[in-house]
Amino acid sequence: MIISWQQLEPQTLNNLIESYVLREGTDYGLQEKTLVDKVNEVKLHLINGTAAIFWSELHETIDIKIIK
């Protein structure tokens, strides 16, 4: 199920995005970026519709995925 980012409280959204960007293996290219830069980049993807928040009822997990 897709969860609209607008439905989340700002702090909840920020915590979710921080959790996402801090996961090991998340690749942001050759240049290191700050946590703030990474969070802002993901927020822009959510706002632009190039990423979405997915809730898995089966696994009771939430994730952010890039949509091509």
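Strand β2 (residues 51-56) and strand β3 pair in the antiparallel sense, and six bridges join them. This pairing, like everything below, comes from a predicted model. Within it, F54 stands opposite D63 of β3.

The two strands belong to an open sheet of three strands, ordered β1-β2-β3, with antiparallel pairing. Its edge strands are β1 (2-3) and β3, each of which pairs on one side only.

Helix α1 packs on the sheet, where it touches β2 and β3. The direction of α1 makes about 70 degrees with that of β3. Helix α2 also packs on the sheet and touches β2 and β3. For α2, the direction makes about 90 degrees with that of β2.

The helices pack against each other too. Helix α1 covers residues 10-22 and helix α2 covers residues 35-48; their axes are 9 Å apart and the angle is about 110 degrees. Angles of 65 to 115 degrees count as roughly perpendicular, and α1 and α2 are therefore roughly perpendicular to each other. The crossing of α1 past α2 is right-handed.

Which residues of α1 meet α2? On the α1 side they are L13, N14, I17, E18, Y20, V21 and L22. On the α2 side they are L35, K38, V39, V42, K43 and L46. Sorted by class, the contact of α1 with α2 has nine nonpolar residues, one polar residue and three charged residues.

Two isoleucines can be set side by side. I62 lies in strand β3 (residues 61-66), while I67 is in the segment after β3. The table gives the relative accessible area of each.

| Residue | Relative accessible area | Class |
|---|---|---|
| I62 | 33% | partly exposed |
| I67 | 37% | partly exposed |

Why does I62 count as partly exposed? Buried means under 20% and exposed means over 50%, with partly exposed in between. The relative accessible area of I62 is 33%, so I62 is partly exposed. I67, at 37%, therefore counts as partly exposed.

Not counting residues up to four places away in sequence, I62 touches L16, R23, I53, F54 and W55. One of these, L16, is 46 residues from I62 in sequence, and the C-alpha to C-alpha distance is 8.5 Å.

Leaving aside neighbours within four places in sequence, I67 is in contact with G49, T50, A51 and A52. I67 and H45 are 22 residues apart in sequence and 9.0 Å apart in space, C-alpha to C-alpha.

Conventions: Residues numbered from 1 in each chain as written. Predicted model: local features only at pLDDT ≥ 70, side-chain atom pairs only at ≥ 80, totals over all residues. Heavy atoms only, no water. Helix = DSSP H or I, 4+ residues; strand = E, 2+ residues; numbered from the N terminus. Buried < 20%, exposed > 50% of the residue type's maximum accessible area, 1.4 Å probe, protein only. Contact = heavy atoms within 4.5 Å. Axes fitted to C-alpha atoms, helices over the stretch in contact; angles between N-to-C directions. Parallel < 35°, antiparallel > 145°, perpendicular 65-115°, else oblique. Left-handed = near helix turned anticlockwise from the far one by under 90°. Nonpolar A, V, L, I, M, F, W, Y, C, P; charged D, E, K, R; others polar. Pairing = 2+ DSSP bridges.
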